[in-house]
Amino acid sequence: MPITGTVGAHMRPLAEYPQIDADATLGDVFAMIGQHFDAVAHFRSVLVFNREKRLIGKISLHDLLKVLLPDYLAHLPAHIDGTDGDHSLLALLWQDDSAKYVREVAKQRVGDHIQPAPAPLKPDDPLTLAHYRFAHSDLNTLPVAENGRIVGVLRVVDVLAAVAATIHPA
Amino acid sequence: MSISGTVRDLMVELEKFPHVSGNASLRAVFAKLHAASGSSELFRNILVLDDKNRLLGTLGLKNVMHALLPDYLRHGSTHYEGTSNDVSALAVLWQEDCEEQCRETHKILAKDHVSPIAATIGADEPLTKAAFLFATTPVNVLPVVEGKQIVGVLRLVDVFDEIVIEVLSERCVA
């Protein structure tokens, strides 16, 4: 389908996108990614809903990695001697002492680590509008809403696939 | 968690990761991405090298999208009348000529739209360092170097896969 299509023709239906309740734990997120979805291959974030089933945000792979960092890596330690500004050397220490920390992190609530959900697109919006919004933001997914309900998700890779189909028609 | 492996264990060798010359066109970039991706989804990054095989930068999907925008949408322009603060309304106008513009991609050069390399990692460095760099740098791939030579690419998704396995095993222990 070419770039002249609509958002609705290119979005992923909501049921196909990883999603979780805000009161679930981070351990539940990892379990869901690990067990129920081929998520890492196709998605870079998980949608987070509240008890009323309203979308309140998302948590990305980058967010999940950040949460797992121990304090001495999460809060860049300018006061630690010997790193010469290369704090990544401290990551070596992480190999040894992080098991206990990870067990604690896994109990934390997902809703405490989310990014707010961006304004949704509509299914009949032109794909060029989605292209514009992606190009001018650091977002990789945009929710799609109809009559106040989230019905799907448009990913940046879906828009580029449409561009590719326009440039190199099958 | 004990991600005990090294970058070399998970990296994609340079020959298997899509890369183009800086003088390649955006059309060639898409062709390369298509060829590398096969029947699965498009690769989300491509390396851009100079004529001596030195790394100029990466071209991600956002770079490509920005390169495709018409001038009146590229700069978040505010000098057009009638748009108020909603410049995105102009995106609707773009529908009229975007197909034609996509076919002009042979005139756009990859080197004009690359992102500089934010970080690299050594092939024999531990995966925990890669996890740290991915957590603190807004990139999805890290070029892997041996000396001054680029030998491959490490992808966020591959590191994350390992971490999921480790976290779940720790969860079972707990």
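**View 1. Ala130(B) and the residues around it in the predicted model.** Leaving aside neighbours within four places in sequence, Ala130(B) is in contact with Val7(B), Ile121(B), Leu142(B), Leu154(B) and Val159(B). Contact here means that the C-beta atoms, placed from the backbone, lie within 7 Å. This is a predicted model, so local features need pLDDT of at least 70 and side-chain atom pairs count only at pLDDT 80 or more, while totals for chains, interfaces and linings use all residues. Residues are numbered from 1 along each chain as its sequence is written, with chains lettered from A and ligands numbered from 1 in the order in which they are written.

**View 2. The largest nonpolar core.** Ala130(B) turns up again here: along with Val29(B) and Leu154(B), Ala130(B) touches the most other members of this 94-residue core. Helix H8 (residues 156-167) of chain A gives the most to the core, with eight residues. A nonpolar core is a set of buried Ala, Val, Leu, Ile, Met, Phe, Trp, Tyr and Cys residues joined through C-beta atoms within 7 Å. Buried means 20 or more other C-beta atoms within 10 Å of a residue's own (12 or fewer is exposed, in between is partly exposed), all placed from the backbone.

**View 3. H7(A) against H8(A).** Helix H7 (residues 127-135) of chain A and H8(A) pack at about 125°, axes 10 Å apart. Axes are lines fitted to C-alpha atoms over the stretch in contact, with angles from 0 to 180 degrees between N-to-C directions. The two helices are therefore oblique to each other (under 35 degrees is roughly parallel, over 145 roughly antiparallel, 65 to 115 roughly perpendicular, the rest oblique). On the H7(A) side, the contact is made by Leu127(A), Ala130(A), His131(A) and Phe134(A), and on the H8(A) side by Val156(A), Val159(A) and Ala162(A).

**View 4. Helix H4 of chain A.** Six of the eight residues of H4(A) (residues 61-68) are buried, so this helix is largely enclosed by the rest of the structure. The buried ones are Leu61(A), His62(A), Asp63(A), Leu64(A), Leu65(A) and Leu68(A). Across chain A, buried residues make up 44% of the 170 residues. Chain A has eight helices and seven strands, which are DSSP runs numbered from the N terminus (helices H or I, at least four residues; strands E, at least two).

**View 5. Where chain B touches chain A.** The contact takes 50 residues from chain B and 47 residues from chain A. H8(B) gives the most to the chain B side, with ten residues.

Technical notes:
Two residues are in contact if their C-beta atoms, placed from the backbone, lie within 7 Å.
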